[in-house]
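User: I'd like to learn how to read a model like this one. Could you walk me through it?

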Amino acid sequence: MDTYELLTRNAAEVVTEEEVEALADDPDGKRAYVGYEPSGVLHLGHLLTANKLIDLQDAGLEVVVLLADVHAYLNGKGSFEEIRDTAEQMKEQFLAYGLDDDQTEFVLGSDYQLDDDYELDLHELELATSLNRAQRAMAEIQGGETAKVSHVVYPLMQALDIEYLDVDVAVGGMDQRKVHMLAREELPSLGYEKRPAIHTPIVGDLGTGEGKMSSSEGITISMEDSTEDLEEKVNSAFCPPTRDPEGDLVNPVLELFQYHVFPRFEEVVVERPDEYGGNLEYDDYEALAADLEAGELHPADAKGALADYLDELIAPGRQRLRELRSE
């Protein structure tokens with residue numbers, strides 16, 4: 001796999017292809033960033049972007065993880081002391097999950113977002129950005145919550161973070177797309193360069209295949225789930241044997257194989273008794289998906305394998321959480 005393929009595999013969108021191709025041609029010393037609100041235990045939504053960060057590290061980029069304590073405070077996630085305690089736990093979980101300690105810089109937003117230069121630039125963006133534009137950028141992140149002034153400041157800060165963290169590419173889920181477009185539009189007005197962006201997909205709700213997997217509603221899988229909890233959740237997951245002809249529903253079991261399992265394992269083995277045909281081995285996602293949709297792979301067997309591989313992925317983070325809580 002060449003560098004560009006590694007940077008863009010499993011991406012829902014690249015903005016722009018030409019800019020990311022240039023990055024792939026000369027990745028040494030380049031920096032990528034993702035920002036996370038320190039709001040709880042890592043779940044598979046966080047870890048989808050973490051998989052992309054691992055890809056970027058494998059391609060030779062340095063990674064900056066912004067533990068956005070000021071953003072979390074603006075979003076009503078607790079006191080700064082509570083948020084920073086959570087941020088420290090999240091850092092340990094990311095490292096346990098597989099981010100390279102030597103290639104990853106963890107930064108608290110409050111380390112620079114309260115400085116005079118940042119604040120003055122933020123005010124410049126406030127002057128340059130209409131209220132409607134800021135609200136559109138924040139809408140998908142905010143959800144159905146009543147808009148507050150802090151919600152329209154939030155995406156402007158995200159735009160500035162790209163400059164102040166000195167990064168060459170921004171990474172985030174598709175729900176961050178409008179924020180990154182705002183940054184590309186507005187940063188040049190402050191004399192700063194626009195940066196490319198890589199957007200990862202949003203995994204569907206595990207139970208229904210609708211919407212997105214979220215820790216606040218529906219079924220999600222997190223690093224604190226036991227092996228038994230994980231198996232129960234995966235076994236109850238929506239997994240139709242054929243594609244939805246209308247295209248309205250996704251198969252979250254297949255999505256988890258595609259975005260979480262195959263990027264981290266060279267081969268996937270689905271264990272089956274000999275009387276049911278014996279084990280199946282896959283070295284790429286497409287073959288597994290084709291077998292499921294052709295009826296060669298039963299959904300129950302696919303779920304059993306998925307639970308095993310996800311358990312292996314989150315086990316180090318689960319153990320690290322236990323250690324932190326016992327300290």
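User: How many salt bridges does the rule find across the interface of domain 1 and domain 2?

Analyst: Happy to start there. In general, side chains of opposite charge can pair when their charged atoms come close. The rule used here asks for a side-chain nitrogen of Lys or Arg within 4 Å of a carboxyl oxygen of Asp or Glu. Across the interface of domain 1 and domain 2, that rule finds one salt bridge. A word on the source: this is a predicted model, where local features need pLDDT of at least 70 and side-chain atom pairs count only at pLDDT 80 or more, while totals for chains, interfaces and linings use all residues. Residues are numbered from 1 along each chain as its sequence is written, and side-chain values use heavy atoms, with hydrogens and water left out.

User: Where do the domains lie, and how is the area buried between domain 1 and domain 2 given?

Analyst: The size of an interface is often given as the accessible area lost when the parts come together. Here that means the area lost to a 1.4 Å probe, summed over both parts. The domain assignment, automatic or from a database, gives domain 1 (3–200) and domain 2 (227–325). Their centres, taken over C-alpha atoms, are separated by 29 Å. The contact (heavy atoms within 4.5 Å) takes 14 residues from domain 1 and 15 residues from domain 2. About 1,400 Å² is buried between the two domains, and carbon and sulfur atoms give 62% of that. On the domain 1 side, Asn 10, Leu 44 and Tyr 97 lose the most area to domain 2, together 36% of what that side buries.

User: Which residue has a positive phi although it is not a glycine, and which residues does a cis peptide bond join?

Analyst: As background, most residues other than glycine have a negative phi, and most peptide bonds are trans. Asn 10 has a positive phi of about 60 degrees, and it sits in the loop between helix H1 (3–8) and S1. Val 15 and Thr 16 are joined by a cis peptide bond, with omega about -10 degrees. Thr 16 belongs to the loop between S1 and helix H2 (17–25). Helices (H or I, at least four residues) and strands (E, at least two) are DSSP runs, numbered from the N terminus.

User: In what order do the strands form the sheet?

Analyst: Strands count as paired if DSSP finds at least two bridges between them. Six strands form an open sheet in the order S1-S6-S5-S2-S3-S4, with mixed pairing. Strand S1 (13–15) and strand S4 (104–108) are the edge strands, each pairing on one side only. Strand S5 (residues 169–173) and strand S6 (residues 197–200) pair in the parallel sense over four bridges, and Gly 173 stands opposite Thr 200 in S6.
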